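Colleague: I would like to learn how to read this structure. Can we take it feature by feature?

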Amino acid sequence: MRLHEYEAKELFKKYGIPVPEGKVVFSSEEAAEVAKEIGLPVVIKAQVLVGGRGKTGGVKFARNLKEVEEISGEMLEVDIKGYKVEGVLIEKRVNIQKELYLGVTIEGSAGKPVVIVSSEGGVEIEETARNYPQRIFSLQVDVFKGLRSYEARLLAKKLGLKGEKLLKVGNILYKLGNLYRDYDALIVEINPLVVTREGEVFAADAVLQVDDSSLFRHPELQAKAIERIPDELEREAKKVGVTYVNLDGDIGLICSGAGLGMATMDMIRRKAKPANFLETGGGMTKELMAGALRVVMKKKNIRAVFINIYGGINPIHEGAKGIVEAIKEDKIKIPIVAKALGNRQEETWDILEEGGVKVVKESQTAKAVEELFKVLKERE
Amino acid sequence: MAILIDENTKVIVQGITGRVGSRQTRLMLEYGTKIVAGVTPGKGGEKIYGVPVYDSVKEAKEEHHIDASVVFVPARFVKDTCFEAIDAGIKLIVLVTEHTPVYDAMQIKAYAKANETIVIGPTTPGIISPAGKIKIGILPGNMFCPGNTGLISRSGTLTYEIAANLCDGGIGQSTAVGMGADPVVCTNLVDLLKLFDEDDQTKVVAIVGEVGGTEEEIAAQFIKERMSKPVVAYVAGKSVPPGKRMGHAGAIVERGRGSAESKMEALREAKVKVAEMPEEIVQLVKEAL
């Protein structure tokens, strides 16, 4: 779950990480009021749950109130990379002397948190890694001890900082490490961390992505999680209890298992285009499968549905009942091709066939996909 | 011989009285797995399909010899459950539970390493050795058959698909292991490759990878430098759009990392034969044998 910049900055404040004076607003009038309050010039930043907004007009400066109203008004109306702008953050403009990068994320293979710092702030860290790898320093953190404050200072020192600034940046990094752990972050990032001409240090931006699997520990975030999903169908699917990814084709897809789902997508792409990816997870029930088929059928252009399920942890015979129920109740007429193997497969086949589903009983998904192509061709 | 398990492995089930735990206990018993005990705090003294249930791993250990544990508890209890098994001296843990917090997985990984315990998962379908008539986890036994191919997969159901394809092609498995597909897994691809490389029964290893992370890239380096047995691979997710999490918590192409192309290229560079589609694995294994 990705938090908005303003939400992440509220947490920063709670942890004692300084951020520029500012406030999130939802109308141009409010924007002008806030700008008056904190003093011009200001920075206006679109609150949108996608990275790289700076390059697409999501961050602008305003010198007077007229500009504040105009810019914030426009920003509140547009989409950025297909994501809705949900508020604008009005912040006091700071006098930048130096921009740094601080981040904590996961080193997947090592299975440890990793702290990354760089003297190149304000550009993507991946870009710095390509162009100036010598300007990036990182440290793997002990997962039980967490980041120690002396370790944070040693890293800050590598950025060429001295005296008061060294202590300030070291301290911010230490607090960032604590926030990372307390909030089960997958990534927390300050890019840029600004050192001003006056010698002050501010987190000018804030990225915080919280591990979805940890939300039971963060009930205040869990309450917002589903509403945060930008795509309507993806949101609806989450309520059903399945993972859905909206794609641009016209073949509906239901799979038990993410790897199998991706492999099936790869196969369908040989001759057709999937309308979605859908993974049931390990909690299949009759209701879940009926709900899954209904979400898939929400798109008007679906030409056929392909179902690929395995009975390992999942009771596929129950799932089959749900499919057939949805077909009957919703009077679904388009062809449905299914492959279902594993525990209680024979029973599953009977239920599906009786419900009018074309069942392919071979072990290769490729064979079932061939059947799908055949059915599609017959219908042309 | 297989890797990690054999026909004599004695197993306990943590979370045996739950809906999934009890059902999977029955399926494992039917397949031939030697389940000696189960653990569910508060349910000590009960029996599940004849298997005695204890309140703690420690108590189970006092009554039985235990080689391995399989974990079916809800995600929020996973960390404590694994720590309990590790503290009781169990050396192999199969962690089936989905949606374990990543921070907990990192702690389990570190604690297991410090205590010389192997943890497979989280989100693993488990381990199966068809010749030993043993499976630990949720893999459906009828998809697998005995043979000389070591199978390592990051996915669950795709493992079944490929195993079934292999069996149809007359190729059995020495052991099949699902690594799990979370951003952090407790046993890495390289660790499993090492075990298969040392295993007498295994002649060739098939890797079933998928988008996300850098496990395949790291493995490619190991294969190039150290692996003596032939390796073939398939990587799922060529058609995955960037920035979308594809069901598995770790399956996401982001920030220029984790694409299927990058993995396939790294593997090919290590002289691994890479299948374009899953069913082609069968032919590649045949050629390698």
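Modeller: Let us begin with one residue. With 27 C-beta neighbours inside 10 Å, B:Thr123 counts as buried, because the cut-off is 20 or more. Keep in mind that this is a predicted model.

Colleague: Where does B:Thr123 lie?

Modeller: B:Thr123 belongs to the loop between β7 and β8 of chain B. Its backbone deserves a look too. Phi of B:Thr123 is near 60°, a positive value in a residue other than glycine. The loop between β7 and β8 of chain B also holds B:Pro122. The peptide bond from B:Gly121 to B:Pro122 is cis, with omega near 5°.

Colleague: Which peptide bond in chain A is cis?

Modeller: The bond from A:Leu40 to A:Pro41 is cis, and its omega is near -5°. A:Pro41 sits in the loop between α2 (28-38) and β2 (42-46) of chain A.

Colleague: Back to phi. What is the phi of B:His99?

Modeller: B:His99 has a positive phi of about 65°, although it is not a glycine. The loop between β6 (92-95) and α4 of chain B contains B:His99. Is it buried or exposed? B:His99 has 20 C-beta neighbours inside 10 Å, so it counts as buried.

Colleague: Now a helix. How do I read its buried side?

Modeller: An α-helix has 3.6 residues a turn, so residues three or four places apart point the same way. Take α9 of chain B, residues 280-288. Here B:Ile281, B:Val282, B:Leu284 and B:Val285 are buried. These residues cover an arc of only 165° around the axis, which puts them on the same side of α9(B).

Colleague: What covers the buried residues of α9(B)?

Modeller: The cover includes β10 (146-153), α5 (157-168), β12 (204-210), β13 (231-236) and β14 (273-275) of chain B.

Colleague: And a sheet?

Modeller: Strands of a sheet pair through backbone hydrogen bonds, either parallel or antiparallel. In chain B, an open sheet of seven strands runs in the order β3-β4-β2-β1-β5-β6-β7, with mixed pairing. β3 (47-48) and β7 (118-120) of chain B stand at the edges, each with a single partner strand, so one side of each has no neighbour in the sheet.

Colleague: How many bridges join β2 of chain B to β4 of chain B?

Modeller: Two bridges join β2 (residues 34-39) to β4 (residues 51-54) in chain B, and these strands run parallel. B:Gly38 stands opposite B:Val53 in β4(B).

Colleague: Next, domains. What does the domain assignment of chain B give?

Modeller: It gives domain 1 (10-120) and domain 2 (140-288) of chain B. Their centres, taken over C-alpha atoms, are separated by 26 Å. The contact takes 12 residues from domain 1 of chain B and seven residues from domain 2 of chain B. On the domain 1 side, α4(B) gives the most, with six residues. By class, that side has 10 nonpolar, one polar and one charged residues.

Colleague: How many residues does each chain give to the contact between chain A and chain B?

Modeller: Chain B gives 56 residues and chain A gives 44 residues. The largest share of the chain B side, seven residues, comes from α5(B). By class, the chain B side has 29 nonpolar, 15 polar and 12 charged residues.

Colleague: Last point, confidence. What is the mean pLDDT of chain A?

Modeller: The mean pLDDT of chain A is 94, and 100% of its residues reach 70 or more. Among the elements of chain A, strand β5 (residues 83-84) has the lowest mean pLDDT (86), and strand β14 (residues 251-255) has the highest (98).

Terms used. Residues are numbered from 1 along each chain as its sequence is written. Chains are lettered from A and ligands numbered from 1 in the order in which they are written. This is a predicted model: local features need pLDDT of at least 70, side-chain atom pairs count only at pLDDT 80 or more; totals for chains, interfaces and linings use all residues. A residue is buried if 20 or more other C-beta atoms lie within 10 Å of its own, exposed if 12 or fewer, and partly exposed in between; C-beta atoms are placed from the backbone. Helices (H or I, at least four residues) and strands (E, at least two) are DSSP runs, numbered from the N terminus. The arc is that of the directions from the helix axis to the C-beta atoms. Two residues are in contact if their C-beta atoms, placed from the backbone, lie within 7 Å. Ala, Val, Leu, Ile, Met, Phe, Trp, Tyr, Cys and Pro count as nonpolar, Asp, Glu, Lys and Arg as charged, and the others, Gly among them, as polar. Two strands pair if DSSP finds at least two bridges between them. pLDDT is the predictor's confidence in each residue, from 0 to 100. Domain bounds come from an automatic or database domain assignment.
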